[in-house]
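I am opening my notebook on a structure that is new to me. Come along as I look things up one by one.

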Amino acid sequence: MSSNMTEKTSAAAAVYVQTNESENKVITFRRSIDGSLEDIGGTDTGGAGSATPHLPSQGSVVLTSDGAHLLVTNAASNDVSLLAVAKDAVVLLQVVGSGGETPRSIAEHEGLVYVLNTGTPSLAGFRLVAGRLDPIEGSTRVLATDADPAQVGFSPDGSTLVVTERGTDAIVTRSVAADGLLGEPTARPSVGPTPYGFAFAGADTLVVTEAFGAMKGKAAASSYALQNGTVAPVSASVGNGRSEICWAVVSKDARFAFTTNFADGAVSRYAIGAGGALALEDATAGIAIDGETGLRDEDISSDGRFLYAIDADSRSIFGWEVGSGGSLTSIGSWNGLPVTVAGLAAS
């Protein structure tokens with residue numbers, strides 16, 4: 001285990017969600033050794049959420065790689081909140097303009113931060129230094145007007161920034177220079193339509209969900225190899241027979257990808273094989289409320305033991321214990337969230 005991961009686990013074992021209300025808040029849930037959660041209160045972000053259900057993105061709440069800070073988008077006030085993570089609380093340090101309109105996703109790698117703005121689609125860069133986010137001069141990059149971007153994220157080594165574009169059905173990569181500035185975009189057509197959330201497995205395997213335009217029973221995921229700053233397909237559109245797959249996380253051992261299906265309440269498990277090959281193992285590895293809408297943002301605890309997902313329509317967090325073979329065993333649910341809830345990060 002890395003020193004960063006040790007610091008992250010010892011600082012706090014918790015789950016964080018943003019309410020996405022007009023007066024946005026972060027609710028902190030203390031995590032017990034058995035994975036159960038306890039609501040220990042909300043903290044104002046100092047910004048405004050969209051105040052509507054189902055923020056259409058992945059990565060609106062992100063823990064920094066060292067576990068010391070939480071980054072939260074405020075979609076309606078066009079800013080980002082930086083909060084310090086303490087043992088049983090988060091403390092607001094700063095609210096800074098997102099560099100655009102309607103920020104919905106954030107990526108961080110060793111203090112370099114990029115915000116995905118979706119109003120007029122763009123990227124804006126920041127440095128996290130001494131508890132402050134400082135804008136990087138000249139870092140703004142404008143995306144295609146019809147991009148409808150869903151997520152921004154760094155490759156594990158920080159050399160490449162990835163954006164999924166639902167509107168253009170593309171996966172767009174940009175190189176990241178030492179000064180934090182981005183290179184020119186390389187767009188790779190998504191194997192399946194409506195690429196949404198993604199996660200990396202190991203150094204160079206990218207797993208991307210495909211919502212297939214919300215067509216019933218057409219949800220799928222694909223895997224790609226990251227090579228020289230661009231992506232090449234490995235496994236194409238591996239369907240799970242479910243609907244509206246949108247969010248993805250990868251197990252700590254990089255052997256499994258877990259995806260949530262918004263339209264029918266299921267978590268699907270995919271096995272990640274040699275070279276990044278993707279195979280569906282269990283379309284219903286975990287069930288929140290079978291056949292009901294609402295299951296969305298998810299994350300895995302820093303020790304790899306627990307998977308948590310928001311079900312906005314039931315205003316709940318559902319939790320599962322992750323077995324050594326990728327099995328998911330329910331550990332309960334915790335309700336009382338606002339229907340606007342969006343974004344989840346686990347430590």
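I began where β6 and β7 are joined by a hairpin through four residues. Strand β6 covers residues 79-85 and strand β7 covers residues 90-97; they run antiparallel and share seven bridges. I noted that two strands count as paired if DSSP finds at least two bridges between them. Helices (H or I, at least four residues) and strands (E, at least two) are DSSP runs, numbered from the N terminus. Across this pair, V80 stands opposite V96 in β7.

**What I am reading**

I wrote down that this is a predicted model, in which local features need pLDDT of at least 70 and side-chain atom pairs count only at pLDDT 80 or more, while totals for chains, interfaces and linings use all residues. Residues are numbered from 1 along each chain as its sequence is written, and side-chain values use heavy atoms, with hydrogens and water left out.

Most residues other than glycine have a negative phi. I found N78 in the loop between β5 (69-74) and β6. N78 is partly exposed, at a relative accessible area of 29%. My cut-offs are under 20% relative accessible area for buried, over 50% for exposed, and partly exposed in between (1.4 Å probe, protein chains only).

E244 also went into the notebook: it is not a glycine, and its phi is positive at about 55°. I located E244 in the loop between β20 (230-239) and β21 (245-250). With a relative accessible area of 24%, E244 is partly exposed.

**Around A48**

Is A48 buried or exposed? I looked it up: A48 has 18% relative accessibility and counts as buried. A48 sits in the loop between β3 (37-44) and β4 (61-63). Leaving out residues up to four places away in sequence, A48 touches E21, S22, N24, N74, A75, A76 and S77. A contact here means heavy atoms within 4.5 Å. I also checked A48 against V80: they are 32 residues apart along the chain, and their C-alpha atoms are separated by 9.8 Å.

**An open sheet**

Next I followed four strands that form an open sheet in the order β13-β14-β15-β16, with antiparallel pairing. At its edges are β13 (149-154) and β16 (186-189), each pairing on one side only. From one strand to the next the twist averages 20°. For such angles, axes are lines fitted to C-alpha atoms, for helices over the stretch in contact, and the angles run from 0 to 180 degrees between N-to-C directions.

I asked how many residues of β13 are buried. Six of the six are, so β13 is largely enclosed by the rest of the structure. β13 pairs with β14 (residues 160-165) over five bridges, in the antiparallel sense, and P149 has E165 as its bridge partner in β14. Their hairpin has five residues between the strands, and G158 takes a positive phi near 80° there.

**The chain as a whole**

Last, I stepped back and counted one helix and 29 strands in the protein chain. Its C-alpha trace spans about 45 × 45 × 40 Å along the principal axes. Of the 347 residues, 57% count as buried.
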